[in-house]
Amino acid sequence: RLTVYMERKKYEIQQLGEGVRGAVSRGDLQQYKQRAEVLLREDSSLAETYYTARDQFLKIAIEMYSRRLACKDGSDVESSIRLCSLWYSNFGNATYDDTVHEAITRVPSHKFVFLVHQLTARLSRSMGEETGSQRILQSLILRICKEHPFHILPQIYALRHNDEEAIKPGARRKSSSSSIADSKVTSQRAALDIYNMLRDNER
């Protein structure tokens, strides 16, 4: 609601700055503008307080779910799903990378085994710099591959092997949608990287 108010107030200030007065005098116009700027500053300050609190509570939630999973011996499907849901809903947001990295590293890999399809589906490797979220994801997938290979290697192999011609240099894409083709190629590159690291691992 505050965000909506702020956008309206910004638009109002812009209109006042452009001299949209109608029957209003210049002095009244300036007064309206100053009043609108004061309200905008107050709303912005309050919104910033809310955003800070939201970030803090989200980080605490991620940490607490991971600690519960780390401490509990048995399976806890709900906590695993909620932890991954919080992570995925903020995927790519660098604000939470350190918290997510510590949380995911803390949890035993077998607590994520039943989510391997959802985890591998988010794999990606762009030509530019990878996001922190993507590095955390690839690190987790690599850990599951080493500790529970029978549960995840078929997905990695299939993803890496799927339309293998598409990742060769100079290959023509058969897909009519370039965005879908690009998505497939980047996920294949990421899977291929993981596959090669595992193949070179003596264990």
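Ring pairs join W87, Y88 and F91 into a cluster, where rings of Phe, Tyr and Trp (its six-membered ring) are taken to pair if their centres lie within 6.5 Å, and planes under 30 degrees apart count as stacked, over 60 as edge-to-face and the rest as tilted. The model is a predicted one, in which local features need pLDDT of at least 70 and side-chain atom pairs count only at pLDDT 80 or more, while totals for chains, interfaces and linings use all residues. Residues are numbered from 1 along each chain as its sequence is written, and side-chain values use heavy atoms, with hydrogens and water left out.

By the ring rule the count comes to four aromatic pairs. In one of them, the rings of W87 and F91 have their centres 5.9 Å apart and their planes at 35°, so this pair is tilted. Y157 and Y195 form another tilted pair, at 6.0 Å centre to centre and with 50° between the planes. Because Y157 lies in helix α7 (residues 149-161) and Y195 in helix α8 (residues 178-199), that pair ties together parts that are 38 residues apart in sequence; helices here are DSSP runs (H or I, at least four residues), numbered from the N terminus.

| Residue | Relative accessible area | Class |
|---|---|---|
| W87 | 2% | buried |
| F91 | 21% | partly exposed |
| Y157 | 40% | partly exposed |
| Y195 | 22% | partly exposed |

Charged groups also meet two of the tyrosine rings: the charged end of R122 sits over the ring of Y88, 4.2 Å from its centre, and R160 lies over the face of Y195, at 4.3 Å from the ring centre. The criterion is that NZ of Lys or CZ of Arg is within 6 Å of the ring centre and within 35 degrees of the ring normal.

Helix α3 (residues 77-89) has 13 residues, which at 1.5 Å a residue should span 18 Å, and its end C-alpha atoms are 18 Å apart, in agreement; the expected span is 1.5 Å times one less than the number of residues. The buried residues of α3 are S79, S80, L83, C84 and W87. Seen down the helix axis, they fall within an arc of 125°, so they line one face of α3, the arc being that of the directions from the axis to the C-beta atoms. On the other side of α3, E78 and S89 are exposed. The cover over the buried residues includes α2 (26-71), α4 (97-106), α5 (116-121) and α6 (132-147), contact meaning heavy atoms within 4.5 Å.

W87 is also among the members of the largest nonpolar core, of 29 residues, that touch the most other members, together with I104, F112, L119, I141, I144 and I194. Such a core is a set of buried Ala, Val, Leu, Ile, Met, Phe, Trp, Tyr and Cys residues joined through side-chain atoms within 4.5 Å. Helices α2, α3, α4, α5, α6, α7 and α8 each supply at least two residues of this core, and its largest share, seven residues, comes from α6. Not counting residues up to four places away in sequence, I194 touches L123, Q138, I141, L142, C145 and I156. A second, separate core of six residues includes M6, I13, L40 and A47.

Notes: Buried means under 20% relative accessible area, exposed over 50%, partly exposed in between (1.4 Å probe, protein chains only).
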